[in-house]
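I begin with the backbone and leave the domain contact for the end.

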Amino acid sequence: MEAITLLQGKRLLLAVTGSIAAYKSVDLASKLTQAGAQVDVILTAAAQAFITPLTFEAVTGRPAYTALWESAGGGLPTHIAHVGLAEAAALLAVIPATANTLAKLAAGLADDLLTVTALAARCPLLVAPAMDGGMYAHPAVVASVQTLAGRGAYVVAPETGRFASGLSGQGRLPETATLLGHIRLALAQAGPLRGRQIVVTAGGTREAIDPVRFVSNHSSGKQGYALAQAALDAGATVTLISTVGLPVPVGAQFVAVDSAAAMLAAVLEHSARADALIMAAAVADFRPGTVATQKIKKQEDTAGLTLELVRNPDILLQVKAQREQTGWPRRVIGFAAESEQVLAHAQSKLHRKALDLLVANDITAPDAGFAGDTNRVILLAADGGQTPLPLLSKTLVSEAIIDRVAALLAADA
Ligand code: CTP
C-alpha cells in the first residue's frame with residue numbers, strides 16, 4: 001500500500017457498529033494505517049458481537065476503545081476518552097453505520113462511547129450506512145440519513161447487491177478502495193483547491209484504422225490518473241477525460257474517449273468553465289486519413305499495407321484560441337515528452353501553446369516516462385522559472401504539480 005500524503009500524521013477516528021459488514025472495517029483500518037494515518041477505533045457493544053477490539057488493535061497497533069466509563073490511555077489531549085478522541089480526530093468515520101446508530105446520531109442521543117464522542121467532535125462526520133435493503137429504504141432510516149446529511153455529514157451511499165441474508169437490494173457497504181476514496185474526499189473538503197474545477201486528460205489516444213485496429217502510443221495514463229487523485233485530495237472537483245480504463249479515483253467525473261478528435265471535443269466542453277486544464281494525455285499527432293468501415297482483409301498476394309496519415313488537431317492550440325475568446329480555462333498545464341534537447345523543445349512548446357506551466361519529461365531516461373510508476377520531470381513556468389524534481393513516484397510528481405496549480409490559482413484570486 002502506497003503512502004497517502006493526505007493521511008500522513010492525521011488521526012482518524014473509525015467507529016464500528018453492529019453490522020455483518022464490520023469485518024470489512026478491519027481491512028479499512030489496516031489500509032489506512034499502512035497509508036500513514038493514525039487510526040483510533042471505537043467499537044459499539046453490537047459491533048463486538050461480530051468482531052473484537054483485539055482485531056483492530058492488531059492491525060492499527062493502537063488501543064481500540066469500547067467503554068464510555070474508562071479513562072483513555074496516553075497520547076490523547078485529555079484522559080477523558082470521549083473528549084480526547086473527539087479533539088484529536090481529523091475525521092470521525094462511522095463504518096459501517098447501522099440503522100440504530102444513524103437514528104441515535106440524528107437524534108443526538110448519547111448513551112455509549114461512540115454517540116457521546118460524536119457530540120463532542122468538531123471534526124467532519126462521515127457515515128457509511130450498511131443494512132438490508134428493506135431497512136435502508138425504511139422512511140425512518142431515510143429520515144436519519146437526511147438529517148445527518150442536512151447537518152453537513154458526509155454520507156457514503158451503500159451499494160446495490162447481495163446481502164448476507166441472501167436477499168438483494170441497496171444497503172451493502174462498499175469495498176475498502178471505495179471507502180478509502182470517500183475518506184480522502186471527506187478530508188479534502190478543507191484543501192487548497194476546494195471550490196475549484198480541474199480537468200485532467202490521461203492516456204494515449206487511439207486512432208482507428210478499421211473497426212478492429214487502431215494506431216496509438218505507449219502512454220499508460222498513470223500520470224494523468226495520479227494527477228486526478230492529487231487534485232481530488234486538494235479538494236477540487238475533477239473531470240478525468242481518458243482513453244484508458246484504470247480504476248477511476250473516487251469522486252472524479254469520468255469521460256471516456258478514444259481518438260484525438262473525441263478528446264478535443266470533450267476538453268473544449270469540460271474546460272469551458274474550468275479553473276485549470278492539465279493535458280497529461282499523449283495525443284496522437286496523426287491519424288489514418290480514412291477509416292475503413294469494414295475490417296481490412298489481406299489477399300493471397302498482399303505484400304504490405306500503406307497507411308496514409310493526416311494531421312490531428314492540436315488540442316492545446318484549440319484551447320489557447322478558446323481561452324483568448326472566453327478567458328476559460330483560467331490556467332493551462334501541458335506536458336512535453338521529449339527524447340532530445342528536452343529543455344529547448346519544452347520551452348518552445350510552453351510559449352507556442354501559451355501554457356502557464358509545462359511538465360517536461362525525458363522519455364529516454366530509464367526510470368521516467370510511460371509505463372512505470374516513477375517519473376523525473378522539470379517544471380517550466382511561463383515566467384522562465386525552471387524547477388527540476390528528483391526521481392519521484394508519479395503520485396508525488398502529481399502532488400508537486402497540483403501544488404503549483406493551487407499557487408497559480410491563488411495568485412489570481
Ligand atoms: N497535445 C495536444 N494535442 C496534440 C498533441 C499534443 O494537446 N495533437 C498536448 C499534449 O497533451 C501535451 C503537449 O501538447 O500536453 C505536448 O505534447 P507532445 O506530444 O510532447 O508535443 P507535440 O505538441 O506533439 O509536439 P512535437 O511533435 O514537437 O513533440
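Entry 1, a proline in a strand. I started at Pro-96, which I found in strand β4, a run covering residues 91-97. The model is a predicted one, and in it the peptide bond leading from Ile-95 into Pro-96 is cis, with omega near -10°.

The bond between Trp-328 and Pro-329 is a cis peptide bond, and its omega is about -10°. I noted both bonds since most peptide bonds are trans.

Gln-341, in the loop between β17 and α12 (342-352), has a phi near 40°. Ala-354 is in the loop between α12 and β18 (357-362), and its phi is positive as well, at about 55°. I also checked how open the two sites are: Gln-341 counts as exposed because its relative accessibility, 54%, is over 50%, whereas Ala-354, at 30%, falls between the limits of 20% and 50% and is therefore partly exposed.

Is Ser-144 buried or exposed? With a relative accessible area of 8%, Ser-144 is under the 20% limit and so counts as buried. Ser-144 belongs to helix α7, residues 139-150, and, leaving aside residues up to four places away in sequence, it touches Leu-102, Ala-103 and Ala-106.

The protein is divided into domain 1, residues 5-189, and domain 2, which is made up of 192-291 and 308-412. Each domain brings 10 residues to the contact. Taken over C-alpha atoms, the centres of domain 1 and domain 2 are 37 Å apart.

About 710 Å² is buried between domain 1 and domain 2, with carbon and sulfur atoms giving 55% of it. On the side of domain 1, the residues that lose the most area to domain 2 are Arg-184, Leu-185 and Ala-188, which together account for 54% of what that side buries.

I found 1 salt bridge counted between domain 1 and domain 2, along with 2 residue pairs in polar contact. The side of domain 1 that touches domain 2 consists of 4 nonpolar, 5 polar and 1 charged residues.

Conventions. Residues numbered from 1 in each chain as written. Predicted model: local features only at pLDDT ≥ 70, side-chain atom pairs only at ≥ 80, totals over all residues. Heavy atoms only, no water. Domains from an automatic or database assignment. Contact = heavy atoms within 4.5 Å. Buried area = accessible area lost by both parts, 1.4 Å probe. Salt bridge = Lys/Arg side-chain N within 4 Å of Asp/Glu carboxyl O. Polar contact = N/O pair within 3.5 Å; in protein donor to acceptor, adjacent residues only side chain to side chain. Nonpolar A, V, L, I, M, F, W, Y, C, P; charged D, E, K, R; others polar. Helix = DSSP H or I, 4+ residues; strand = E, 2+ residues; numbered from the N terminus. Buried < 20%, exposed > 50% of the residue type's maximum accessible area, 1.4 Å probe, protein only.
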